[in-house]
Structures are given as C-alpha cells and as structure tokens.
Amino acid sequence: MLATDFMITNHRSEIAKAPTGIPGLDEITHGGLPAGRPTLLAGGPGSGKTLLGVSFLVEGAQRFNEPGVLLTFEEKVDELATDVRSLGYDLHKLCEEKKLLIDYVHVDRAEIEETGEYDLEGLFVRLEHAIKEIGAKRVMLDTIETLFGGLKDTGILRAELRRLFRWLRDRGMTAIITAERGENQFTRQGLEEYVTDAVISLDHRVEDQISTRRIRIVKYRGSTHGTNEYPFLIGRDGINVLPVTSLLLEHDAPAERISTGLPALDGMLGGKGFYRASTVLLTGTAGTGKTTLSAHFVDAACARGEKCLYFLFEESPQQMMRNMASAGIHLKRWVDKGLLTFHAERPNKHGLENHLLEMHHAVETVDPDVVVVDPITNLMTVGSNADVRSMLTRLIDFLKTRGVTAMFASLTSSTQVAETTEALISSLMDSWVLVAADTEGNRRSRKLYVLKSRGMQHSDEVRHFMFTSHGIELLPSEDKTEGAVTVAGRTGKAGRSPARARKGK
Amino acid sequence: MIPTEQYVLRLYVTGMTPRSTRAIKCVRDVCEQHLMGQYDLEIIDVYQTPSRLVQDQIVAIPTLVKCTPAPIRLMVGDMSNRERLLTGLGLPLDD
C-alpha cells in the first residue's frame, strides 16, 4: 500500500510511540511501542516476558507519568514483587502511590462448571475498574492464554479476546500482551492473529554452554524498526537491550592528540601521538611487548591526571603491575591515587553480551578518559567471528560517544600473517601499531611499526626497540629523511576518511 | 438426600441482559425446588459494584458462586444446563 510505504520511509509521519524506558529497546523500536495500541510479546518459558512487561509498566509509571495496570494470570502479586525486586523495582510502593495496580486473576478449571453461554464481561469490568482507579495509560496482560486452561469453550474465549484487544485500542491503552511461543504457530493460541500492531519475540538459548537472551521486533505496523536479533540481558540494573548506541555514526572526532607514552612512538605518529577518542589496535605475537606498550600509554595518561580503565583478561592486576614494575613502569601509584582502575575477568566466565554489559557498566562507573582491553583476543574465543565483530563495534561506538581513547591489544599467532588475521577488527580501528620479534643471530630483536593511523601523517619506518629498566626504548631511527614522513602526507579528522595505509617493510 | 447446611450463593450478572435474566431465573428455580428455606442468594450487578469481582475471582458472566457448603464451586454460563448446575451445587439430579 502506498500510504504504508510512505510511512515506512518517512520518520516524521510515523505513529505515536510510548517509550519503554528500557535501554536499547527504544532504539531498536525507534522510540518505543505503538502508543495506545496492544503489542504482542511472545517467548518461551523463562525468556523474560514478564520482566520485560513489568519494566515497561514500572518505567512508564516512574518516568513517563503513565500509570499502569497489570492483570497477572500466573503469578500472585507477592511472587511478582519478589521476582522484580532484584531489578530494583518496588511494586508494593508503586501500588501504594497509585501508579500501579496489580490484579491477580485466578481461573481454576477444577472449580468451574460450565452451564451454558457466557462472556468475559467480568474481566472487562475488572480491567476497566482498575484503569479508572489509577488513570492508567498502560496495561499488561500476563499471560492471558492461561484462560484457555481454565475455561473450556475456546470459541467464546477467542471471540472475547478479539473483543478485548479491540477494547484496549478503543481506550487508547498502550498494552503488552504476553504469550507462550507455540510449536506450529507463533504463539500457542494464535494470538498473533488478533494483535496486529506490533509483535516482539523473545528467545533464550544456550550455545556452547553460554546462555544468551535475544529479542527481535517481528512486526511493527506503521514504523521502521531494527530487524536483527538483538541480545539482551537481565542484570542488576534491569533489562538492557544491546546495542545501546550502535545505530548511528555521529560521535565527535576531536582534533586533540594524546601521547602514546613513548616520545619516539609519538614521533612516528606525526610527532603528537594518537587522536583523542580514537581507537588503537596493538597486535603482535606472544612476548613482543603489547602489555608494556599499553602500560606506557596508561602511565602517561595517569601522569596527565586522566582516568584509565584497564580490562585484563589474562593476568591478575597484581601480576601485571609486578611485571610492569620490573620494566620500570610503576602503575600501583596510579591505582592508589584512584586514576587507574583494573577490571580483571576470565573471558569464558560469561557470554559475549554479558562481557559487553560488564564493560559498559565499568565504563559508566569509572568514567575513564582512556580504556585498554588486554587482550581483545581472549574475547574472540567466546563467540563466533560475527558476534565478536558486532560486539566490538558496539563497544567502540559506545567508547567514542563518550570521548574515550581506547587501546586494544591483540595476540597473533606466529604462524599466521598478522595483517590478515586482524581483518576482522582492524577496519574498526583508527590506528594500528604492530609489534614483532625476530631471532637475529643469537638474540631476539624486537621491532614495531605503524601500519595505519587515520587522519594523520605517520612514519612508514620499522623501528627496533628494546626493553630497558625504564620500559621500552626505541632505537634511533635509521631513516635519513628526518621528520617521520609518509609516502603521501595526509591530514583530516580521525575516523572520517579511511585513508589507505601503506606498510613500510 | 436432604441438605441440612445453609447455602450461601452469589450470582454475578450484567444488568438485565437476556443471558443474565435467564441465569437468574434458572438459579431461582433450582433453589426453590431443592433448597427451600435453606439458601441465601445474592444477585450482584457487576456494573454497579465492580470491586466485588476480585474477591470471588470472577472473569466470566454470568457466574454463580457457591460459597458454602464447601467446596467452593463456580458455575459459569446462563445456567440453562440444569444438570451441570445441580452437579455444581452438589444437589441430586432430577428424576
């Protein structure tokens, strides 16, 4: 239909929306659920339907001044209140304040004798009474299909449910109707036939012993929406749909530069170091000095009084600090001053999404200027390539929006060609520094070079370096043409023109 | 069998719709015939007192609730199926 096409392509003519207040969900629905209409929320047992619906009601009541009515068919009020207390919701308090009204509807087939024709007017009157009592704008029915277990006449039930959903629309209620996923049809009772405005599907599956919850907007009449399956988490702050901020490429690209911590390396990067709020990839085989380079970077940032957050996936902070101290980089003083925070975790402890959430959470708590992830490689073992890439994209967007400069150390295996193994993530990075070790004669020789650095002149030279008692020291440049010159000088802003980097060997 | 206990019954209806009127008549007939002098029937119009629906967990209309004697039973429908109504009330079927 023409009208529909127009609506889909033009954001402004989209239907009115009621924000859910659930981080991420309002992004992928481009604003929330259809206001004044019912939305079907389908999922298997334990997929988070009730929690999502309750979040929608609580957020509506607390943040958007839209009181809500919950008709619960399965859980009693106290059980429900206990379940959502872990998300920080106090249902009893909201009920006392008349921002929420919960009616537990109990239908037990064993108690019921059907003696002729009936309708569900009792349910309608209860709902209407509840809506009037608190001036509700939102309604949740959880799970109305339970009625099919209590009453035998499915013909009556279907007709009445159809009438109920129409009734909700007529009253302009933004409603969530939960339903169990069916085997042969989308929901067990085919409710998708009646609720046609929006359909959301929840899914909970376990792959490689890691559980992931996913959400998908199956249908949203009259609106554009994200069509992917998005992971979501039920954490201590409630429900979080990821990505939180990955739909737009709108972050600033500051021209400010920050030091790598090594004057000689700064020299290779146009004399000034990395751009602030850019992303740096640091790759190399084992024992080439990635962590030491990261430590220099962090040490310099802390010395400038900036806050750093260091994610460690391989070592404990104590071990890492001890090792760095032996190389002359003393990080403990920054920890003591509160400038450096470590976040150490085994990567296989959680699924990828949980990691992302943990990292988001840590970044929001610490509010750092600089973030180091060491090594990012360990996260890659947790998910498939596509998952890792999408997770990284989301993380990077999140960090860039916050103006954080991020360094990712990546371990490459010596048998692989370093530059091709990183194809997965390198395009997400603004600068790329490679470290390598060779055996020359009877000693290991270490070298590094800048493979790319968007938006700045950088050196093409491969520089040798040594570990000394005061950290890494680059050996003097053998390049006779002074001033760290690239083949083609490039200027511009980080992250804008993906200037092709040419490797100097 | 002659019931000895007092029957407390509540019938939930929606105004004077044909279905509700039919239910009221059927319930009265059964009570007069089987429970003469032994019953207390309250007829509740849910539009007048919606708050009462919650206490008896009423969803369908009409619904007759047998509060006593135990066990509590809910007879749902226009009560035109006399056999089911009698079963629900725990009364002997007509001959």
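Mentor: Two strands pair if DSSP finds at least two bridges between them, and with that in mind we can read this structure, which is a predicted model.

Trainee: In what order do the nine strands of the open sheet in chain A stand, and which stand at the edges?

Mentor: The pairing in this open sheet of chain A is mixed, and the order is β17-β16-β18-β19-β15-β20-β21-β22-β23. Two strands have a single partner strand each, so one side of each is left without a neighbour in the sheet, and these edge strands are β17 (340–344) and β23 (471–474) of chain A.

Trainee: How many bridges join β15 to β20 in chain A?

Mentor: Strand β15 covers residues 279–284 and strand β20 covers residues 431–440 of chain A, and the two run parallel. One position to look at is A:Leu282, which stands opposite A:Val433 in β20(A). The number of bridges joining β15 to β20 in chain A is five.

Trainee: Which strands of chain A does helix α13 touch?

Mentor: Helix α13, residues 352–366 of chain A, packs on the sheet, and its direction makes about 155° with that of β16(A). The strands that α13 touches are β16, β17 and β18 of chain A.

Key:
Residues numbered from 1 in each chain as written. Chains lettered and ligands numbered in written order. Predicted model: local features only at pLDDT ≥ 70, side-chain atom pairs only at ≥ 80, totals over all residues. Helix = DSSP H or I, 4+ residues; strand = E, 2+ residues; numbered from the N terminus. Contact = placed C-beta atoms within 7 Å. Axes fitted to C-alpha atoms, helices over the stretch in contact; angles between N-to-C directions.
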